[in-house]
Amino acid sequence: MHTEEREIILNPSILSADFTVLGEQLKALEACGCRWVHIDVMDGTFVPPVSFGEPVITSIRKKSGLFFDVHMMTEHPDTHIDALKKAGADLVCVHAEACTHLDRVLGAIREAGMRTGVALNPATPLSVLDYVLDKTDMVLVMTVNPGFGGQSYLPAMTGKIRALRNMLEKAGHPDIRIEVDGGINAGTLQTVLDAGADVLVMGSAVFQGDPAENFRKMQALVR
Ligand SMILES: O=C(CO)[C@@H](O)[C@H](O)COP(=O)(O)O
Ligand SMILES: [Co+2]
């Protein structure tokens, strides 16, 4: 698949949402064409904050038919695979830095019937992906250091996204998606698209203010 044919996914991150009205906001996003939602699970160890886990995912699953992209910012993500499947996750993205046995973890996620993602912190080299591409559906390039919403995009990540796109084409895996997460907004969107990203996570850019209205503005920029 060539870059120009690849569908761009705008992926709102609920970390910045108002949880008291999240069900309605997800419905409104779905109504304006949103298909994915990004769910940040943080354990207070891999990253400083604690966010939420399977009970919250189970609860929003009841309100939403969106594709659930779960970003696991936790140590030992393998211990959550079955619970995430039960909770309604569609894709589980684990940090390479948190997995001693990355190949095994990716295999287990697929075996449980979900898609796989490998997330890389800004300082982690692309070479960690070399022997797991056949078990990977998506690579998440962190464009900030993980743990917090509302940070600024790290400009050095543009070259990393471009290098990853070249690497995937050369390795015969052009269909593996490249997700970017952190500081994506109207000012950085074109940069990451040009570099080869096709799944754009947006927390504050969507949930600060009216999510549906913000989402439509972002859609217009992508078109
Ligand atoms: O994984 C993370 C933060 O670690 C994210 O998914 C944030 O939710 C992105 O927030 P913004 O930078 O878009 O505000
Ligand atoms: Co995230």
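**Figure 1. Contacts of Asp-40 in the predicted model.** Leaving aside residues up to four places away in sequence, Asp-40 touches Ser-13, Leu-15, Ser-51, His-71 and Met-73. The structure shown is a predicted model. Asp-40 lies in strand 2, which spans residues 36-42. Asp-40 counts as buried because 25 other C-beta atoms lie within 10 Å, and the cut-off for a buried residue is 20 or more.

**Figure 2. The two positions annotated as "active site".** The UniProt record, an unreviewed entry, places the feature "active site" at Asp-40 and Asp-181. These positions are spread over 142 residues of sequence, yet they cluster in space, with a largest C-alpha distance of 10.6 Å. Asp-40 belongs to strand 2, whereas Asp-181 belongs to strand 7.

**Figure 3. Surroundings of Asp-181.** When residues up to four places away in sequence are not counted, Asp-181 touches His-71, Leu-140, Met-142, Thr-143 and Val-201. His-71 is also listed among the residues touched by Asp-40. With 26 other C-beta atoms within 10 Å, Asp-181 is buried.

Figure 4. Strand 7 comprises residues 177-181. Five of its five residues are buried, and therefore strand 7 is largely enclosed by the rest of the structure. Both faces of the strand are covered. One side carries the buried residues Arg-177, Glu-179 and Asp-181, while the other carries Ile-178 and Val-180, which are likewise buried.

**Figure 5. Pairing of strand 6 with strand 7.** Strand 6, residues 138-142, pairs with strand 7 in the parallel sense. The pairing extends over five bridges. Within this arrangement, Val-139 has Ile-178 of strand 7 as its bridge partner.

**Figure 6. The shell around ligand 1.** Ligand 1 is surrounded by 22 residues, and the closest are Ser-13, Leu-15, Gly-149, Gly-203 and Ser-204. The elements that contribute two or more residues to this shell are strand 2 (36-42), strand 8 (199-202) and helix 7 (204-207). By class, the shell contains eight nonpolar, twelve polar and two charged residues. Ser-13 and Leu-15, named here, are also among the residues that Asp-40 touches.

**Figure 7. Confidence of the prediction.** The average pLDDT of the protein chain is 96, and 98% of the residues score at least 70. For the complex, the predictor gives an ipTM of 0.99 and a pTM of 0.97. Where pLDDT is low, predicted coordinates should not be read in detail.

Technical notes
Residues are numbered from 1 along each chain as its sequence is written. Chains are lettered from A and ligands numbered from 1 in the order in which they are written. This is a predicted model: local features need pLDDT of at least 70, side-chain atom pairs count only at pLDDT 80 or more; totals for chains, interfaces and linings use all residues. pLDDT is the predictor's confidence in each residue, from 0 to 100. A residue is near a molecule or strand if its C-beta atom, placed from the backbone, lies within 6 Å of it. Helices (H or I, at least four residues) and strands (E, at least two) are DSSP runs, numbered from the N terminus. Ala, Val, Leu, Ile, Met, Phe, Trp, Tyr, Cys and Pro count as nonpolar, Asp, Glu, Lys and Arg as charged, and the others, Gly among them, as polar. UniProt positions are given in the numbering used here, feature names are shortened, and annotations may be inferred rather than shown by experiment. A residue is buried if 20 or more other C-beta atoms lie within 10 Å of its own, exposed if 12 or fewer, and partly exposed in between; C-beta atoms are placed from the backbone. Two residues are in contact if their C-beta atoms, placed from the backbone, lie within 7 Å. Two strands pair if DSSP finds at least two bridges between them.
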